[in-house]
Amino acid sequence: MKRVLIVEDEEGLLEDLQHNFKYEGYDVMTAKTGVEGLKLALKQKPDAVVLDIMLPQKDGFTVLKELRQRHRDMPVLVLTARNFEADVLKGFDLGADDYMTKPFGLKELLARVRRLVQRGPSGAPVPGPTIYTFGDVEVRFEPREVLKTGKPVALSYKEFELLRYMIEHRGRTVSREELLEEIWGVDEELGVTTRTVDTHVSNLRSKLGAGFAQPFIVAVHKVGYNTGVGRRRVRRSPLPHAPASRTPRASTSRRAAGRRRARGGTGARS
Ligand code: CA
């Protein structure tokens, strides 16, 4: 059974939508605030979300923005008020898949949601054999493999999943709670604590750490972790076991300038 989440604070409309979606054969979840809606979307991962923009606590734009940080491909249809064309554009900018302007026809809404559900998660690039390099560490997703100075490193399943998630969300601070939900599929009430995350991060660091110019998973005080921006392949750095050093690489900007120069030439050279 396909599951739809409806986030709408107008009680009458919410009940109406709930009834109609149930009648169409959906498993329906509802939320009346942005906070509750976001929480449900992240936890239950519905097949589609109908999201009102004007919501108490947290508006639909904020919900969409935060949802997209973790799920780029969950189908979302936003409900906007009449005469707010700018809202529609903003919604698309934030990753909405479709929209309807209030007041709308139920049949049309149902048809649009059906189309989103049938389409399924999309927009997610098919993962290629990309290799990420961080200092002397190479990470491959397919097949799952981590090499340090060319030698395989044994990671537990969860350690690898954690590493993969951190790489996929690199450059953004990821909270311990998010990691618990996404990697372990649980939250604190179920007995797994955020300490678990810290332990796994510390394991990753000790297995992969030495040799990095900078620690690549950085603790952000009271918030979580941030992963440095690694290079998407492709030169293997021939570094032997260099001792960990906190000195940032001074040559980065020069290298970038070199690349810019190189790209500036004609592209059709043989
Ligand atoms: Ca509303």
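Asp52 carries the UniProt annotation "modified residue: 4-aspartylphosphate", which comes from an unreviewed entry; UniProt positions follow the numbering used here, feature names are shortened, and annotations may be inferred rather than shown by experiment. Residues are numbered from 1 along each chain as its sequence is written. Please note that this is a predicted model, in which local features need pLDDT of at least 70 and side-chain atom pairs count only at pLDDT 80 or more, while totals for chains, interfaces and linings use all residues.

Where is Asp52 placed? Asp52 belongs to strand β3, residues 48-52. Helices (H or I, at least four residues) and strands (E, at least two) are DSSP runs, numbered from the N terminus.

Is Asp52 buried or exposed? Asp52 is buried because 25 other C-beta atoms lie within 10 Å. A residue is called buried if 20 or more other C-beta atoms lie within 10 Å of its own, exposed if 12 or fewer, and partly exposed in between, with C-beta atoms placed from the backbone.

Leaving aside neighbours within four places in sequence, Asp52 is in contact with Val7, Glu8, Asp9, Gly60 and Leu79. Contact requires that two C-beta atoms, placed from the backbone, lie within 7 Å.

Gly60 leads us to helix α3, residues 60-70, where Gly60, Phe61, Val63, Leu64 and Leu67 are buried. They cover an arc of only 160° around the axis, and therefore lie on the same side of α3; the arc is that of the directions from the helix axis to the C-beta atoms. The buried residues of α3 pack against β1 (3-7), α2 (34-44), β3, β4 (76-80) and α4 (85-93).
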